[in-house]
Amino acid sequence: MKMKKFINAPEVVTDEELIGMGLAYGDILEIDGHMIISKDLANADRVTVVTYGGSGHEPALQGYVGKGALDISVAGDIFASPSGKMVFEALKRADKGHGVLLLTLNYAGDQLAGKQAMMLAKKAGMNVRQVITDEEVRYDPEGEDNKRGLAGAVAMYHVAAAAAAAGKSLDEVAEIAQRYADNMASITVKVSDATHPQNGMSFGDLGETDFMEIGAGQHGEGGGTRVPMQSAKDTVATVAKVLVDDIGLKAGDKAFVMINGCGATTLMEMFILYKDTVEYLEAMGVKVVGNMVGEILTVQEAGGFQMNIAKWDDEIEALWNTPVHTPVFFKE
């Protein structure tokens, strides 16, 4: 059957997407090839923040470029990292003389590109620090411990950028980002499969079963455990406990909760999942002081969600509550 996606030619999907994004949000950002650049960067006199990753996960990662968030995001092709040279070019463009923070999700291609970019930056005498997010928690005790970077990185983008906007040094901004990365945990729960927009390939057979997969990969990879479909409350109780235990969340702590839809999950379901997660944490004596609910980092039309819980301190909460303005993330 012919793939039902509103595209023109598969080989230019990413190019045309970025052109369209630039036309839609020209007041916030500019597009230069596969670089998405915040217009706030032009007059920046501070540490700057850069990330990169494959397309196909919209709105991430390019949707979080703007004031109080990323200065540059570099888009690779569908589910593929950009080259290390492209990332290095973004670092050079972002550098305003105060240093650059490079944020990397833990995937093989992203790690390789980041390593190459950091080597080139060091050779060029640039002041660059890298923080890697690897907040995925293994659900299956017998499964592989992949520790992939998931949607939790998006909240960290704003916190790190807010620290930079406050005039903190590169070492200070990197320390805050690393502290955030060390105190968050995520799990994906998948219920149906995505279709690759360039070749029509399906990412598995889960949609043909009565099961859900806890611990599935961001791109539809395996690594999770298939269990019978559960209610929202039962799913939250299963997943939240694993995340809480991983970060050592306890009564009296402050927490951030993210429910990220994978592409085909309704907002109705996400709000129910969020409600159940807040109630679960409040019953423990944990106060939820920040949140994101919606499609944040997707996998085309995959069904399911990612739950991310982070333990916050007073400094991170204050940084979160600063203004931000990106195509899909706005807060006064």
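Where does Pro59 lie? Pro59 lies in the loop between strand E3 (48-55) and strand E4 (72-78). This is a predicted model, in which local features need pLDDT of at least 70, side-chain atom pairs count only at pLDDT 80 or more, and totals for chains, interfaces and linings use all residues. Residues are numbered from 1 along each chain as its sequence is written, and side-chain values use heavy atoms, with hydrogens and water left out.

**View 1**
The bond from Glu58 to Pro59 is cis, and its omega is near 10°. Another cis peptide bond joins Ala60 and Leu61, with omega about -5°. Leu61 lies in the loop between E3 and E4. Strands (E, at least two residues) and helices (H or I, at least four) are DSSP runs, numbered from the N terminus.

Phe79 is found in the loop between E4 and helix H2 (84-94). Its phi is near 55°, a positive value in a residue other than glycine. Is Phe79 buried or exposed? Phe79 is buried, with a relative accessible area of 18%. Buried means under 20% relative accessible area, exposed means over 50%, and partly exposed is in between (1.4 Å probe, protein chains only). Lys147 sits in the loop between strand E6 (128-133) and H4. Its phi is near 45°, again positive in a residue other than glycine. Lys147 counts as partly exposed, at 34% relative accessibility.

**View 1. H2 against H3.**
Two packed helices are described by the angle between their axes and the distance between the axes. H2 and helix H3 (residues 108-123) pack at about 50°, with axes 8 Å apart. That makes H2 oblique to H3. Axes are lines fitted to C-alpha atoms, for helices over the stretch in contact, and angles run from 0 to 180 degrees between N-to-C directions. Angles under 35 degrees count as roughly parallel, over 145 as roughly antiparallel, 65 to 115 as roughly perpendicular, and the rest as oblique. H2 passes H3 in a right-handed crossing. A crossing is right-handed if the near helix is turned clockwise from the far one by less than a right angle, and left-handed if anticlockwise. Gly84, Lys85, Val87, Phe88 and Leu91 of H2 meet Ala113, Gln116, Ala117, Leu120 and Ala121 of H3. Contact means heavy atoms within 4.5 Å. The residues of this contact divide into seven nonpolar, two polar and one charged. Ala, Val, Leu, Ile, Met, Phe, Trp, Tyr, Cys and Pro count as nonpolar, Asp, Glu, Lys and Arg as charged, and the others, Gly among them, as polar.

**View 2. H4 against H5.**
Helix H4 (residues 152-165) and helix H5 (residues 170-182) pack at an angle of about 155°, their axes 9 Å apart. That makes H4 roughly antiparallel to H5. The crossing of H4 past H5 is right-handed. On H4, the contact is made by Gly152, Ala155, Met156, Val159, Ala160, Ala163 and Ala164. On H5, Val173, Ile176, Ala177, Tyr180 and Ala181 take part. These residues divide into 11 nonpolar, one polar and no charged.

**View 3. Helix H6 and what covers it.**
Helix H6 (residues 232-247) has 16 residues. From first C-alpha to last, H6 reaches 22 Å, close to the 22 Å expected at 1.5 Å a residue. The expected span is 1.5 Å times one less than the number of residues. Which residues of H6 are buried? They are Thr235, Val236, Val239, Ala240, Leu243, Val244 and Ile247. Their cover includes strand E7 (184-192), strand E8 (211-214), helix H7 (267-284) and strand E12 (303-312). Just after H6, Gly248 takes a positive phi of about 70°.

H6 and H7 pack at about 50°, with axes 9 Å apart. That makes H6 oblique to H7. H6 passes H7 in a right-handed crossing. Thr277 is in helix H7. Thr277 is buried, with a relative accessible area of 0%. Beyond its neighbours within four places in sequence, Thr277 is in contact with Val236, Val257, Ile259, Met307 and Ile309.

**View 4. Met212 in strand E8.**
Met212 is found in strand E8. It counts as buried, at 1% relative accessibility. Not counting residues up to four places away in sequence, Met212 touches several residues, including Val189, Val191, Leu206, Val227 and Thr235.
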